[in-house]
Amino acid sequence: MAPVDPRQRVIDDRKDELLRRLATCESGDHGPSDRQIYGARGLYVGRFQFMTRTVITYVRQRDGIELTSKEANDLAHDYDCAADLAKYVIFELDGIHNWPLCRSEEHTSELQSRFGISYAV
């Protein structure tokens, strides 16, 4: 097993903290839930409040897999899988704009300074 770079560990910890804060902003808490979470009358699902079609699109782009609506819904409700997808969207695609309600000016400044993320408001 390769040794973990301490700098990379700090970066990964910061990313995980940002995802916890994003999930809390979107759904009131972070981590797995014993119930399914919906927002906007079912339009948004899971802790990260993904739209089903958004999950389908980003999984296709990231993994080359075509999910059904049910599979996308299940992924969005699985906290760890949804966090991995959110991490991909935010940090690899510069896609924080997918969460406009939790993107306050304070969050924007923090993201830009911590992770070098930039985007048009």
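The model has an open sheet of three strands, in the order E1-E2-E3, with antiparallel pairing. Strand E1 (38-39) and strand E3 (50-51) stand at the edges with a single partner strand each, so one side of each has no neighbour in the sheet. Two strands count as paired if DSSP finds at least two bridges between them, and strands (E, at least two residues) and helices (H or I, at least four) are DSSP runs numbered from the N terminus. Strand E2 (residues 44-45) runs antiparallel to E3 and is joined to it by two bridges; in E3, Phe50 is the bridge partner of Val45.

A quick word on the source: this is a predicted model, where local features need pLDDT of at least 70, side-chain atom pairs count only at pLDDT 80 or more, and totals for chains, interfaces and linings use all residues. Residues are numbered from 1 along each chain as its sequence is written, and side-chain values use heavy atoms, with hydrogens and water left out.

Now for the largest pocket, which holds about 270 Å³ of space. Of its 14 lining residues, Glu26, Tyr44, Gln49, Asn98 and Pro100 are the closest to its centre. Helix H1 (6-27) and E3 are the elements that give two or more residues to this lining. A pocket here is an open set of points on a 1 Å grid over the protein atoms alone, where a 1.4 Å probe fits, with protein on both sides within 12 Å along at least five of seven lines; lining residues have an atom within 4 Å of a point. Volume is the space filled by probe spheres set on the points, which are joined across faces, edges and corners.

Most residues other than glycine have a negative phi.

How far does the confidence go? The chain has a mean pLDDT (the predictor's confidence in each residue, from 0 to 100) of 87, and 84% of its residues reach 70 or more. Confidence is highest in helix H2 (residues 52-63), at a mean of 98, and lowest in H5, at 53. Over residues 117-121 the pLDDT is below 50, and this stretch has 16 contacts beyond near neighbours in sequence (heavy atoms within 4.5 Å).
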